[in-house]
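Here are my notes on this one, written as numbered points. Have a look at the model first, then read along.

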Amino acid sequence: MTEKTKKKLEEAAQFGSIEAVIDPPSPIKRHVKWKMARTKKTGQMTFEAAKEIAEKIVSHFQLIIVIIYVYCVID
């Protein structure tokens, strides 16, 4: 979140406006936090079961994105 805030401050400084800073950055999503907590520094998951669950989470969100695209963008 600090990186997002810093980026917004830099953008506001470029445009000379403070209004861009009023909106706080969005928090990290729960599924992203869950994956981060179960990922080692090397990029591997801590357990095989966690890896399988993470793959299901990713495929679920990819499916949601496709459904939203089909029903909202194409219609």
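1. Let's start with a crossing: α2 and α3 cross in a left-handed way, meaning that the near helix is turned anticlockwise from the far one by less than a right angle. Keep in mind that this is a predicted model, where local features need pLDDT of at least 70, side-chain atom pairs count only at 80 or more, and totals for chains use all residues. Residues are numbered from 1 along the chain as its sequence is written, and side-chain values use heavy atoms, without hydrogens or water.

2. How do α2 and α3 run relative to each other? The axis of α2 (residues 30-37) comes within 11 Å of that of α3, and they cross at roughly 155 degrees. Angles over 145 degrees count as roughly antiparallel, so that is what α2 and α3 are.

3. Now the whole chain: it has three helices and zero strands, in the order α-α-α from the N terminus. Helices here are DSSP runs (H or I) of at least four residues, and strands (E) of at least two.

4. Of the 75 residues, 8% count as buried, that is, under 20% relative accessible area. The chain exposes about 6,900 Å², with carbon and sulfur atoms supplying 62% of it.

5. Back to α3, which spans residues 48-73 and holds Ile 67. Ile 67 is partly exposed at 40% relative accessible area, since that class lies between buried and exposed (over 50%).

Terms used. Buried means under 20% relative accessible area, exposed over 50%, partly exposed in between (1.4 Å probe, protein chains only). Accessible areas come from the Shrake-Rupley method with a 1.4 Å probe; for residues, only the protein chains shown count as cover. Axes are lines fitted to C-alpha atoms, for helices over the stretch in contact, and angles run from 0 to 180 degrees between N-to-C directions. Angles under 35 degrees count as roughly parallel, over 145 as roughly antiparallel, 65 to 115 as roughly perpendicular and the rest as oblique.
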